Amino acid sequence: MSIAPRIPSLLLNEDINLPTPSIIYDVAAIKHVIQSLLNDIRVIPEATLLYSVKANRNPTILRLLADMGLGVDVASIEELQAVKKAGFEIIHATSPSFSADEIKMLREAGIFPDFNSLSQLELARIELGSLEEVGLRVKFPLLLSEEEGETTFGEGSRFGINLFEPSIKSYLIKHQIEVKQIHIHLGEMRNVHVMEQVMKSIAKLVKIYPSIESINLGGGLTYLYSDQDEAKNVWKMVATYMEDIQCTLGRSIKLMVEPGMLLMAMCGYLLSSVRSSDWGNDSRNVTLDASAWNLMYWSYPVLVKAYTQNVEEEIHTLYGNTCYEKDIFIQSSINPRLETGDRVLLAPAGAYVTSMARNMHGFPVPMEFILVDDEIYKTGDDYANHSKIQTLPYQ
Ligand SMILES: Cc1ncc(COP(=O)(O)O)c(C=O)c1O
């Protein structure tokens with residue numbers, strides 16, 4: 001079973017009657033991606049799936065994921081409030097920049113953040129009075145090819161503490177702090193070569209810090225899943241390491257993964273209208289009513305559907321609606337000729353779009369909708385209370 005969700009036929013078959021720009025999340029796709037990943041990680045003993053809220057904090061999406069029983073990782077008090085409202089029970093937290101008040105707030109909510117740096121740990125120790133058990137975000141050296149080094153970061157990452165450094169061990173001993181959880185997110189875990197080095201370092205760390213009870217492997221699984229066989233091999237290898245680690249410790253140890261992009265990116269679509277269409281030097285320059293610069297800074301969008309009466313194909317460049325020269329959704333797209341008033345569906349728009357939208361020119365973030373069983377609903381504060389809207393074909 002491929003983790004890539006199918007494009008919903010409702011969106012492929014007709015231009016639905018929604019205002020533009022809009023973002024549409026496909027609930028079936030979200031369920032499919034989550035189920036596929038859960039099936040894959042089942043080979044690992046004690047593995048659980050968390051969702052990294054930074055990818056998308058739409059309240060309706062959060063409520064859906066909470067109803068599916070997922071846990072979450074948050075990186076701010078704002079994200080914490082959103083997941084509490086959505087009803088999540090398993091909440092983890094890591095951020096490079098918690099304030100003393102925020103650390104106290106997290107602890108009062110029963111959450112033990114994974115500290116990113118020695119200074120954050122020291123802040124917590126002083127502010128909380130005592131700190132006997134902690135979670136730490138960790139980093140370690142990785143031997144990476146030039147290509148791997150573009151998306152994966154080893155000890156050079158600005159996040160995390162290198163627990164192999166003797167001074168860190170001395171600090172923890174001096175203050176009688178036990179490491180209960182380690183949290184690794186070093187960018188894209190893109191293949192067996194990268195993940196095996198991570199697992200080797202973890203195996204060494206649990207020998208040095210035998211108090212570790214749980215391991216969070218972070219996110220960064222999107223690139224890996226461009227090759228599903230490689231992904232399966234990664235989980236098989238992780239399972240072997242985890243079995244060895246449990247054998248060494250003589251007890252079970254929890255493992256978590258917390259992707260954001262992989263779970264949500266492919267489940268969201270941007271519906272946008274053509275505002276201008278003119279033949280340029282060597283391609284048709286089309287300007288949409290949404291901005292790639294504002295919305296799709298981290299995505300490489302593709303044209304899923306051109307809603308137009310035209311059938312003859314032309315080469316297009318799809319631009320965003322800001323005055324920024326490089327506000328480009330897609331360059332050299334060959335598709336039916338788009339004219340002013342036509343509409344397009346672009347993907348992926350489910351992750352790191354609304355959650356990190358910019359607002360150049362004051363353009364608002366698009367309205368968000370969910371697609372459930374061929375019906376479209378406006379997302380709201382609550383999944384249960386989402387309001388149904390009409391889905392007549394667009395005129
Ligand atoms: C600690 C942590 N966990 C998980 C993620 C999610 O990564 P992705 O969306 O690539 O899966 C991030 C992304 O920055 C992160 O910093």
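Colleague: Let's count angles of 65 to 115 degrees as roughly perpendicular. With that settled, at what angle do helix 5 and helix 6 pack?

Modeller: Keep in mind that this is a predicted model. In it, helix 5 (residues 100-108) and helix 6 (residues 118-128) pack at an angle of about 70 degrees. Their axes are 10 Å apart. The two helices are therefore roughly perpendicular to each other.

Colleague: Which hand does the crossing of helix 5 and helix 6 have, left or right?

Modeller: Right-handed, as helix 5 passes helix 6.

Colleague: And which residues of the two helices meet?

Modeller: From helix 5 you have Ala100, Ile103, Lys104 and Arg107. They meet Gln120, Leu123, Ala124, Glu127 and Leu128 of helix 6. By class, that contact has five nonpolar residues, one polar and three charged.

Colleague: Staying there for a moment, where is arginine 125?

Modeller: Arginine 125 is in helix 6.

Colleague: What does the side chain of arginine 125 make a polar contact with?

Modeller: With the side chain of glutamate 122, at 3.0 Å. Leaving aside residues up to four places away in sequence, arginine 125 touches Ser130, Leu131, Tyr171, His175 and Ile177.

Colleague: Okay, another helix pair. At roughly what angle do helix 8 and helix 9 cross?

Modeller: Roughly 10 degrees, and their axes come within 10 Å. Helix 8 covers residues 192-208 and helix 9 covers residues 228-249. Angles under 35 degrees count as roughly parallel, and helix 8 and helix 9 are therefore roughly parallel to each other.

Colleague: Which residues make that contact?

Modeller: On the helix 8 side they are Val192, Met195, Glu196, Met199, Lys200, Ile202, Ala203, Val206 and Lys207. Helix 9 brings in Glu230, Asn233, Val234, Trp235, Met237, Val238, Tyr241, Met242, Ile245, Thr248 and Leu249. Sorted by class, the contact of helix 8 with helix 9 has 14 nonpolar residues, two polar and four charged.

Colleague: How about helix 3 and helix 4, at roughly what angle do they cross?

Modeller: Roughly 55 degrees, with axes that come within 8 Å. Here helix 3 is residues 59-67 and helix 4 is residues 77-86. That angle makes helix 3 oblique to helix 4. The crossing of helix 3 past helix 4 is right-handed.

Colleague: And which residues meet there?

Modeller: Leu62, Arg63 and Ala66 of helix 3 meet Ala82, Val83 and Ala86 of helix 4. Of the residues in the contact of helix 3 with helix 4, five are nonpolar, none is polar and one is charged.

Colleague: Let's switch to the ligand. How many residues surround the ligand, and which are closest?

Modeller: There are 13 residues around it, and the closest are Gly220, Glu258, Gly260, Met261 and Tyr352.

Colleague: How far is a backbone N or O atom of methionine 261 from an oxygen atom of the ligand?

Modeller: For methionine 261 that distance is 2.8 Å. Glycine 260 also has a backbone N or O atom by a ligand oxygen, at 2.9 Å. A polar backbone atom of glycine 220 is 3.0 Å from an oxygen atom of the ligand.

Colleague: While we're on the backbone, is the peptide bond from alanine 347 to proline 348 cis or trans?

Modeller: Cis, with omega near 0 degrees. Proline 348 is in the loop between strand 15 (343-347) and strand 16 (367-372). The bond from threonine 20 to proline 21 is cis as well, with omega near -5 degrees.

Colleague: Where is the place of proline 21?

Modeller: In the loop between helix 1 (9-13) and strand 1 (22-26).

Terms used. Residues are numbered from 1 along each chain as its sequence is written. This is a predicted model: local features need pLDDT of at least 70, side-chain atom pairs count only at pLDDT 80 or more; totals for chains, interfaces and linings use all residues. Side-chain values use heavy atoms; hydrogens and water are left out. Axes are lines fitted to C-alpha atoms, for helices over the stretch in contact, and angles run from 0 to 180 degrees between N-to-C directions. Helices (H or I, at least four residues) and strands (E, at least two) are DSSP runs, numbered from the N terminus. Angles under 35 degrees count as roughly parallel, over 145 as roughly antiparallel, 65 to 115 as roughly perpendicular and the rest as oblique. A crossing is left-handed if the near helix is turned anticlockwise from the far one by less than a right angle, and right-handed if clockwise. Contact means heavy atoms within 4.5 Å. Ala, Val, Leu, Ile, Met, Phe, Trp, Tyr, Cys and Pro count as nonpolar, Asp, Glu, Lys and Arg as charged, and the others, Gly among them, as polar. A residue is near a molecule or strand if one of its heavy atoms lies within 4 Å of it. A polar contact is a pair of N or O atoms within 3.5 Å; within protein, one must be able to donate a hydrogen and the other to accept it, and residues adjacent in sequence count only if both atoms are side-chain atoms.
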